[in-house]
Structures are given as C-alpha cells and as structure tokens.
Amino acid sequence: MRSLRPGSRAPGRTTAEADERVLTELYLRHGTALMTFVLRLVDDRGRAEDVVQETMLRGWRNLDRIDPTRGDPRAYLFAVARNLVIDLWRADERRPRLVGDDDTVAAQAVGDRADALVDAYVVVQALDRLSPEHRAVVDELYYRGATVTEAATTLGLRPGTVKSRSYYAIRILRTAFEEMGVER
C-alpha cells in the first residue's frame, strides 16, 4: 500500500482514479474484518456499515498513520472504528429514552468489550514480532506466572539467560506498541 497514496498517479491515470484505487484496496484488505468487529458492537447493520465507511474514509485521509512498514494497518483501523462506535453510543445516551417497561430496561446491554477486543488484537500482533526463544520466555514469565528460576528449569536455560531474553522481549514489544500507535 506504500505506493498507493492519495493523489499519487500512475501513468495515464487521474488523481481521482488513484484515490479510488487506494480506498478500494483498503476496503478489500480490511473491510470484512472491520464489519465483523463493528457488528459485534452495534446491533444495527445499517449503522455498522456507516461506521465501516467512515473508518475507511478516515484511513484513506490518514494513510501516513497506517504505513504498513510501521505495523499492521488493521490495528489503526480497528481503533478508529472503536472510537466511532463509542461516539455512537454516547450520542444514543444523550437521546431521551421512552422506555417504561422493566423487562425492556433489563434487556439493555451492559458494558462493552470493544477495548478488550482491540487490545487483544494489538497484543497478538506485537507478540508475533518476537523470536520463538523470546516468545517462550514471555509465555513462561507473563502468561504462566513462572518465576525466573522456574522458567529457566522449564526451558532448560540459565536464569541469567531468561532475564536477558525477557528484557529484550519487553524492549521489542515496547517498540512494536509504539509503532502501532499504542500509548499507555
């Protein structure tokens, strides 16, 4: 996608054609996944389509933020979609409700999992950047809760090697998160 920038021209093509090509490629690569994600958060297909359309438009307008060399463009698009859905929810909250039935009130959705879904996706993308050796250390220490000594025994390494690999794994993950635009 690097060569597909708004306004970039292929020989014999107009700016409008190049722009349309960029938007089409964005949608073909990420549209289905975005629609699936948004439909989990919005119960109306029409509203979900609007969110996906606005997400794609914002992605096209901000191609510099979704440079594939800096990470998967999907993480940026999912974050934009999540923010748009949150804006929809906030707008719905401002509108008065004409509900007097207790059963209807009890059936209202409680909470959302948008942040958790996006966070999980971003973490998986970052973990994919680790070598198998670094990933094994991260799995032992952070996911299984092992101590350095236990991880060293399980992996057949010295404790110093486990510490070193965990240190470099965290640095790689931190860089990956920064490249994906995660700020915490």
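Among contacts in the protein between residues at least 6 apart in sequence, 62% join residues at least 24 apart; contact means heavy atoms within 4.5 Å.

Me: What kind of model is this, and how are residues numbered?
Reply: This is a predicted model, where local features need pLDDT of at least 70, side-chain atom pairs count only at pLDDT 80 or more, and totals for chains, interfaces and linings use all residues. Residues are numbered from 1 along each chain as its sequence is written, and side-chain values use heavy atoms, with hydrogens and water left out.

Me: How many helices and strands does the protein have?
Reply: Start with the definition. Helices (H or I, at least four residues) and strands (E, at least two) are DSSP runs, numbered from the N terminus. Here there are eight helices and zero strands. From the N terminus on, the order is α-α-α-α-α-α-α-α.

Me: Is Thr55 buried or exposed?
Reply: Thr55 sits in helix H2. Its relative accessibility is 0%, so Thr55 counts as buried. Leaving out residues up to four places away in sequence, Thr55 touches Leu34, Leu77, Val80, Ala81 and Leu84.

Me: And Arg113, buried or exposed?
Reply: Arg113 lies in the loop between helix H4 (102-106) and H5. Its relative accessible area is 56%, so Arg113 is exposed. Its C-alpha atom is separated by 7.9 Å from that of Leu41, 72 residues apart along the chain.

Me: What is a nonpolar core?
Reply: The general idea comes first. In soluble globular proteins, nonpolar side chains tend to be buried together. A nonpolar core is a set of buried Ala, Val, Leu, Ile, Met, Phe, Trp, Tyr and Cys residues joined through side-chain atoms within 4.5 Å. In this structure the largest such core has 33 residues, and Leu34, Phe37 and Val38 touch the most other members.

Me: Which elements give two or more residues to this core?
Reply: They are helix H1 (15-41), helix H2 (45-61), helix H3 (73-94), helix H5 (114-127) and helix H8 (159-179). H3 gives the largest share of this core, eight residues.

Me: What does Phe37 touch?
Reply: Set aside residues up to four places away in sequence. Phe37 then touches Phe78, Ala81, Arg82, Ala114, Leu117 and Val118. There is also a second, separate core of six residues, which includes Val137, Leu141, Ala151 and Ala152.

Me: How do I read the packing of two helices?
Reply: Take the axes and the angle. Axes are lines fitted to C-alpha atoms, for helices over the stretch in contact, and angles run from 0 to 180 degrees between N-to-C directions. Angles under 35 degrees count as roughly parallel, over 145 as roughly antiparallel, 65 to 115 as roughly perpendicular and the rest as oblique. The axes of H2 and H3 come within 9 Å and cross at roughly 135°. That angle makes H2 oblique to H3.

Me: What is the hand of the H2 and H3 crossing?
Reply: A crossing is left-handed if the near helix is turned anticlockwise from the far one by less than a right angle, and right-handed if clockwise. The crossing of H2 and H3 is right-handed. H2 brings residues including Val51, Thr55 and Arg58 to the contact, and H3 brings residues including Leu77, Val80 and Leu84.

Me: How do the residues of that contact divide by class?
Reply: Ala, Val, Leu, Ile, Met, Phe, Trp, Tyr, Cys and Pro count as nonpolar, Asp, Glu, Lys and Arg as charged, and the others, Gly among them, as polar. The contact of H2 with H3 has eight nonpolar, two polar and four charged residues.

Me: At what angle do H5 and H8 pack?
Reply: The angle is about 125°, with the axes 9 Å apart. That makes H5 oblique to H8. The crossing is right-handed. Val122, Val123, Ala126 and Leu127 of H5 meet Leu173, Ala176 and Phe177 of H8. By class, the contact of H5 with H8 has seven nonpolar, no polar and no charged residues.

Me: Where is Ala146?
Reply: Ala146 is in the loop between H6 and H7. Its relative accessible area is 15%, so Ala146 is buried. Not counting residues up to four places away in sequence, Ala146 touches Glu140, Leu141 and Ala151.

Terms used. Buried < 20%, exposed > 50% of the residue type's maximum accessible area, 1.4 Å probe, protein only.
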